[in-house]
Amino acid sequence: MKKEEFRNALKPITDGLFGKQRTSVYERPHFDVRPIEDMVNDLAEIEPVEWYSYAFSREPLNGRFHEEQRKEWMEKSLACGRKYAQKVCEKYQTRDPKKLAQAMGMDISFPEFPEKTDRVLFAEYRVPNKICIYMDAVKKGEKLFGRPGISELLAEGLDISRLLLSHELFHFVEEQYKHEIFTKTEKVRLWSFGFLHNDSNVIAFSEIAAMGFAQEIMGITYSPYIMDVFLVYGYSPEEASGLYEEMMVYAGRTPRTA
């Protein structure tokens with residue numbers, strides 16, 4: 001994919017960094033641009049469990065759920081991700097996501113841009129054992145560490161590529177433990193008729209758990225959802241500001257003015 005094509009693909013920001021659940025009709029937004037350090041500061045104050053409304057907003061089945069369900073599932077999914085992070089770190093005796101991936105036999109590549117996609121992707125897992133980290137976004141994010149206060153807010157020496165790798169690595173781990181892991185065994189009933197019924201997985205469980213997994217592996221206190229705004233900012237400060245507004249509103253907070 002050419003650079004200009006990738007910039008155009010960034011337009012549907014509702015998919016976000018890790019969101020792969022929803023396709024929406026795009027209308028170019030117009031938002032007041034905020035400094036990235038201000039947005040990161042605000043978003044870092046949101047506790048990981050408080051992101052449940054934003055996390056489920058990307059879920060196709062979200063309209064079937066009520067508030068208490070979303071909160072409960074957010075807690076369980078985050079706990080699931082953290083549990084399996086601890087499990088694999090203990091098994092392979094390392095917390096380095098690259099070493100973990102190598103020990104698990106993963107095929108990791110670092111291309112500049114994704115190929116043949118109309119979705120925003122900064123990283124992805126491909127069955128059965130391939131992970132791609134797209135370096136154009138990583139490099140733009142790394143440049144932002146020169147902005148005042150960013151390193152202090154996101155943790156000194158944060159490795160963006162390792163954070164992305166940690167998130168995608170969960171999806172491989174999830175497949176290895178699919179017969180027992182919460183994100184695969186917990187289902188919701190879509191309909192029932194007599195002895196017949198239709199139960200479905202919830203995609204959001206997996207994405208939330210991957211956030212918990214990445215947070216545990218990287219040893220950070222804030223939710224990795226922040227990286228949605230952080231990496232989009234490298235391409236479009238305006239669209240990153242719009243995503244920030246959305247996140248703040250979903251968390252029940254008032255976005256700061258520009």
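**Stop 1: the sheet**

Select β1 and strand β3 (residues 130–133). Three bridges join the two, and they run parallel. Helices (H or I, at least four residues) and strands (E, at least two) here are DSSP runs, numbered from the N terminus. Two strands count as paired if DSSP finds at least two bridges between them.

A note before you move on: this is a predicted model, where local features need pLDDT of at least 70, side-chain atom pairs count only at pLDDT 80 or more, and totals for chains, interfaces and linings use all residues. Residues are numbered from 1 along each chain as its sequence is written, and side-chain values use heavy atoms, with hydrogens and water left out.

Now pick Ile108. Its bridge partner in β3 is Ile131.

Look for Arg126, which stands opposite Lys130 in β3. β2 and β3 make a hairpin, with three residues between them.

Show the three strands together. They form an open sheet in the order β1-β3-β2, with mixed pairing. At the edges are β1 (107–109) and β2 (123–126), each pairing on one side only. Neighbouring strands are turned by 15° against each other on average, direction ignored.

Next, select helix α8 (residues 160–176). Helix α8 packs on the sheet and touches β1, β2 and β3. Its direction makes about 25° with that of β2. Contact means heavy atoms within 4.5 Å. Axes are lines fitted to C-alpha atoms, for helices over the stretch in contact, and angles run from 0 to 180 degrees between N-to-C directions.

**Stop 2: two backbone details**

Most residues other than glycine have a negative phi, and most peptide bonds are trans. Two spots are worth a look.

Go to the loop between β2 and β3, where Pro128 lies. The peptide bond from Val127 to Pro128 is cis, with omega near 5°.

Then jump to Gln93, in the loop between α4 (67–92) and α5 (97–103). Phi of Gln93 is near 55°, a positive value in a residue other than glycine. Is Gln93 buried or exposed? Gln93 is exposed, with a relative accessible area of 66%. The classes are buried at under 20% relative accessible area, exposed at over 50%, and partly exposed in between (1.4 Å probe, protein chains only).

**Stop 3: aromatic pairs**

Show the Phe, Tyr and Trp side chains. Rings (for Trp, the six-membered one) pair if their centres lie within 6.5 Å; planes under 30 degrees apart count as stacked, over 60 as edge-to-face and the rest as tilted. By this rule there are 15 aromatic pairs.

Zoom in on Phe65 and Trp73. Their ring centres are 4.8 Å apart and their planes are at 80°, so the pair is edge-to-face. Both Phe65 and Trp73 are buried.

Next, select Phe122 and Tyr235. This pair is stacked, at 6.4 Å centre to centre and 5° between the planes. Phe122 lies in the loop between β1 and β2, and Tyr235 in the loop between α11 (226–233) and α12 (237–250), so the pair ties together parts that are 113 residues apart in sequence. Phe122 and Tyr235 are both buried.

**Stop 4: the core**

A nonpolar core is a set of buried Ala, Val, Leu, Ile, Met, Phe, Trp, Tyr and Cys residues joined through side-chain atoms within 4.5 Å. Which members of the largest one touch the most others? Select Ile36, Leu43, Trp51, Leu154, Val229 and Phe230, out of 76 residues. The largest share of this core, nine residues, comes from α10.

Centre on Trp51. Not counting residues up to four places away in sequence, it touches Leu43, Ile46, Met74, Ser223, Tyr225, Ile226 and Met247.

Move to Ala240 in helix α12. Ala240 is buried, with a relative accessible area of 0%. The C-alpha atoms of Ala240 and Ile36 are separated by 8.5 Å, although the two are 204 residues apart along the chain.

**Stop 5: Gln215**

Finish in helix α10 (residues 203–218), at Gln215. Gln215 counts as buried, at 7% relative accessibility. Its side chain reaches the backbone oxygen of Ile220 at 3.2 Å. A polar contact is a pair of N or O atoms within 3.5 Å; within protein, one must be able to donate a hydrogen and the other to accept it, and residues adjacent in sequence count only if both atoms are side-chain atoms.
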